Amino acid sequence: MGFFKNQLNKQLDNFKQSIPDERLDELEAQGYDVSEYRKAKQDVRTARNAAQEEIRNGQENCTNLSKLEPYMKTPRSTESEFFKSVAGKAPWFGKDKWRRKYSEVPIVYRGVVAAQSELYRPGNKGEDAFYAITIVAVDKEHQCNEAWMQRVIKQLQDMQAGKVAIPSDCAELVDVMNEVDNDGDWRSGMLGMSIAEGAEAHYRKDVLYRKNLPNGFLPTNGIIPQVCTNFPVKKSHSPLTANIPAQFYMD
């Protein structure tokens, strides 16, 4: 009987943890006590966040963003190795637009605030791809501000880990971070002004390939430099970016 009772309790715990927060909100609004279910979900998140933090701190993968300084100024030469590596082959049509697109656009820092655990560990630089939640600032003051980006990353990860309170304008982003493994959750939006420090910053879910990362996994500082090929017209849109090969920002 003990075995079957343990199995039943395990199934019940799994059920409590699997109920979507939106459904709990609905039940709570109808007067039901859902505190037990919320606690079960929070316990799982706390354990997962602690494991994630240990994984993040377990590997060092240093990069040198100062190596990108020669390419910051625009327009940059279309004959440079940087331009050729980022822009790729010229299209059959629209070559002038293509040249302007990659020679005149700014470099931006994409900060990874949450990711599937595999991205924090070394791996073969192949086609393997994993989910990550990232932020990008598009205003000039913050788009390449490493100190600001690291502050924001830490604040958001501390919120996710339950170390600090979550401001209301960051609640959805932290929820998206908690759902990084969810194939169906592709929410995006603006970074909450309570921590943005005046930046115009966007968050979204990304698919990151090991082959595009230095040494095949995320840098220790959580920052992936890219070029911003298309600025958002509306705040509900996300900026479009292109990868910068890791050779340009590694020692």
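The following dialogue explains how to read several features of this predicted model.

Student: Which conventions apply to the model?

Tutor: This is a predicted model, in which local features need pLDDT of at least 70 and side-chain atom pairs count only at pLDDT 80 or more, while totals for chains, interfaces and linings use all residues. Residues are numbered from 1 along each chain as its sequence is written, and side-chain values use heavy atoms, with hydrogens and water left out.

Student: How many helices and strands does the protein chain have?

Tutor: Helices (H or I, at least four residues) and strands (E, at least two) are DSSP runs, numbered from the N terminus. The protein chain has eight helices and six strands. Their order from the N terminus is α-α-α-α-α-β-β-α-α-β-α-β-β-β.

Student: What share of the residues is buried?

Tutor: Buried means under 20% relative accessible area, exposed means over 50%, and partly exposed lies in between (1.4 Å probe, protein chains only). In the protein chain, buried residues make up 42% of the 251 residues.

Student: Which residues have the most contacts inside the largest nonpolar core?

Tutor: In soluble globular proteins, nonpolar side chains tend to be buried together. A nonpolar core is a set of buried Ala, Val, Leu, Ile, Met, Phe, Trp, Tyr and Cys residues joined through side-chain atoms within 4.5 Å. The largest one here has 53 residues, and Leu156, Leu191, Leu218, Val227 and Ile244 have the most contacts inside it. Contact means heavy atoms within 4.5 Å. Not counting residues up to four places away in sequence, Leu156 touches Val113, Leu173, Val174, Met177, Leu191 and Ile195.

Student: What span does helix H6 reach, and what is expected?

Tutor: The expected span of a helix is 1.5 Å times one less than its number of residues. H6 (residues 146-160) has 15 residues and reaches 21 Å from its first C-alpha to its last, close to the expected 21 Å. Gly162 follows H6 and has a positive phi, near 80 degrees.

Student: Which residues of H6 are buried?

Tutor: An α-helix has 3.6 residues a turn, so residues three or four places apart point the same way. In H6, the buried residues are Trp148, Met149, Val152, Ile153, Leu156, Gln157, Asp158, Met159 and Gln160.

Student: At what angle do the axes of H6 and helix H7 cross?

Tutor: Axes are lines fitted to C-alpha atoms, for helices over the stretch in contact, and angles run from 0 to 180 degrees between N-to-C directions. Angles under 35 degrees count as roughly parallel, over 145 as roughly antiparallel, 65 to 115 as roughly perpendicular and the rest as oblique. The axes of H6 and H7 (residues 171-178) come within 10 Å and cross at roughly 75 degrees. H6 and H7 are therefore roughly perpendicular to each other. Leu156, Gln157, Met159 and Gln160 in H6 meet Leu173, Val174, Met177 and Asn178 in H7.

Student: Where does Asn61 lie, and which residues does Asn61 touch?

Tutor: Asn61 lies in the loop between H3 and H4 and counts as buried, at 2% relative accessibility. Not counting residues up to four places away in sequence, Asn61 touches Pro214, Asn215, Phe217, Leu218, Pro219 and Thr220. Asn61 and Leu218 are 157 residues apart in sequence, yet their C-alpha atoms are 7.1 Å apart in space. A polar contact is a pair of N or O atoms within 3.5 Å; within protein, one must be able to donate a hydrogen and the other to accept it, and residues adjacent in sequence count only if both atoms are side-chain atoms. A polar atom of the Asn61 side chain lies 2.8 Å from the backbone oxygen of Pro214.

Student: With which side chains does the side chain of Asp206 make a polar contact?

Tutor: Asp206 is in strand S4 and is buried, with a relative accessible area of 8%. Its side chain makes a polar contact with the side chain of Thr134 (2.5 Å) and another with that of Arg204 (2.9 Å).

Student: Which peptide bond is cis?

Tutor: The peptide bond from Thr74 to Pro75 is cis, with omega near 0 degrees. Pro75 is in the loop between helix H3 (35-56) and helix H4 (81-87).
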